[in-house]
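Work through the following exercises on how two protein chains meet, consulting the sequence and the model as you go.

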Number of protein chains: 2
Amino acid sequence: MRLLTVARDLRRRKARDREGLFVVEGVRGIEELLRSPLDVIGVLAAPKLVDSPRGSALLETMRSQGRPIAEVDEKEFRSAAETESPQGVLAIARVPARSLDSLAATTPLRLLVLDQVQDPGNVGTLLRTAAALGAHATVALPGTVDVWNAKVVRSAMGAHFHHPALHTTWDDLHAFLARSGVPMWVADARGEPIPSPAPPSLALAVGNEGSGVSPAVRAAAARTVGVPVAAGTESLNVAVAAGILLHALRP
Amino acid sequence: MRLLTVARDLRRRKARDREGLFVVEGVRGIEELLRSPLDVIGVLAAPKLVDSPRGSALLETMRSQGRPIAEVDEKEFRSAAETESPQGVLAIARVPARSLDSLAATTPLRLLVLDQVQDPGNVGTLLRTAAALGAHATVALPGTVDVWNAKVVRSAMGAHFHHPALHTTWDDLHAFLARSGVPMWVADARGEPIPSPAPPSLALAVGNEGSGVSPAVRAAAARTVGVPVAAGTESLNVAVAAGILLHALRP
């Protein structure tokens with residue numbers, strides 16, 4: 001199938017799930033992707049890519065590496081791109097095979113769990129934060145935006161290429177945590193202050209900005225912890241709260 | 001002048017500076033605004049506002065309070081709105097008079113300083129974070145996006161209405177900090193680990209995500225502090241890094 005058709009198709013989550021492929025947009029993201037171990041299927045390039053020296057250099061690199069490149073016009077490119085100001089380049093790569101079981105041998109284990117977090121920018125920043133603060137994986141539960149959505153990938157600034165990001169059901173995660181003896185804590189603005197020291201292995205769950213985590217996740221939490229906020233102010237952004245907690249709870 | 005004309009005009013920073021007015025978009029933001037001490041000049045409402053029960057209730061409240069309301073059609077509304085999916089309501093309010101001098105009596109004093117932070121979403125989240133974590137004000141230096149930009153206001157989730165956000169020159173801030181005996185620390189991914197305890201009064205400066213703070217700010221910093229990140233990962237998002245530092249350095 002033509003790369004343009006594939007890229008357009010991958011705007012839908014169903015197509016990403018079926019094909020096991022995802023899209024990376026923008027020069028910087030693709031530079032990171034090419035340095036990662038991920039399998040790159042091909043690239044779409046629009047004329048404007050060569051307007052910037054960095055874009056030209058990227059195209060040159062990809063050609064010299066023999067990557068499959070489809071050169072398309074601006075209109076075709078826009079029909080496949082998700083971002084508002086595309087830089088004229090997107091790459092199609094294979095979603096790495098990662099599962100909870102591949103984490104079973106990691107001890108101590110630090111996980112970030114996303115429950116019904118819907119905003120792509122927040123989910124991308126959460127992945128970037130989890131990777132930077134040394135979590136071993138981020139696990140997305142149902143109701144969370146697809147972690148392979150192009151906007152999530154863009155906000156995560158390359159975190160996906162090294163940091164395991166995966167979707168599971170709550171039943172599978174719950175069974176895995178029980179089997180591995182990893183306690184789960186839930187982040188909530190009204191939670192107790194952060195205890196010190198934290199247990200060596202820990203799953204930290206964050207929920208939807210409006211409604212928090214789902215009842216099943218809340219019921220299974222060993223603790224509910226939160227960052228106290230000043231009187232009369234809004235709660236913290238979910239990625240900022242997760243960053244403060246992951247940092248404060250680091251082993 | 002008609003409210004529609006004023007709202008359109010306020011999309012430009014020059015007009016906001018000249019008029020001393022800014023725009024709040026969306027139902028939730030305006031609910032917060034109406035509960036704040038800020039002076040509301042008027043409201044634009046499009047037909048779709050009453051599509052939601054919460055929107056209808058807001059319109060009813062504003063009518064019963066005798067707020068000046070201009071009812072405009074969808075096309076006119078879109079010509080004034082900055083956000084992509086406007087909810088059919090925007091309010092025009094007066095920028096509160098706030099200056100560095102009004103902070104002189106606050107002791108100990110905690111400030112967040114933004115130096116050349118350009119992304120409106122990040123600046124909004126920084127303001128929300130500073131307010132929630134008890135900073136007394138956020139000071140934006142030249143090169144930072146206007147804190148009264150509608151996208152910044154939207155991302156800050158009401159922080160502007162209670163938390164002083166102001167623009168100053170570096171010379172004015174520098175003189176104020178010297179006069180008040182407040183040390184300034186700079187956040188940088190390669191900074192030293194966070195010391196404990198922090199001084200009671202402190203200004204924490206964060207810079208552009210790409211290039212950091214400007215040379216003058218760096219030269220004036222008493223310390224450069226950072227959050228260590230895992231090998232091979234990107235730095236933290238600027239708002240996440242500021243959140244971790246403000247939390248770790250709280251008095």
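Contact here means heavy atoms within 4.5 Å. This is a predicted model, in which local features need pLDDT of at least 70 and side-chain atom pairs count only at pLDDT 80 or more, whereas totals for chains, interfaces and linings use all residues. Residues are numbered from 1 along each chain as its sequence is written, chains are lettered from A and ligands numbered from 1 in the order in which they are written, and side-chain values use heavy atoms, with hydrogens and water left out.

**Exercise 1.** Describe the extent of the contact between chain B and chain A.

*Solution.* Begin with the residues: chain B contributes 29 and chain A contributes 29. Next, take the buried area (the accessible area, with a 1.4 Å probe, that two parts lose on being put together, summed over both), which is about 2100 Å² between chain B and chain A, with 58% of it coming from carbon and sulfur atoms. Finally, on the side of chain B, the residues that lose the most area to chain A are R128(B), A132(B) and E234(B), which together account for 28% of what that side buries.

**Exercise 2.** Which salt bridge does R128(B) form?

*Solution.* Apply the criterion of a side-chain nitrogen of Lys or Arg within 4 Å of a carboxyl oxygen of Asp or Glu. The count between chain B and chain A is four salt bridges, and R128(B) pairs in this way with E209(A), the closest N and O atoms lying 3.1 Å apart.

**Exercise 3.** State the scores of the model as a whole.

*Solution.* The model has an ipTM of 0.93 and a pTM of 0.94.
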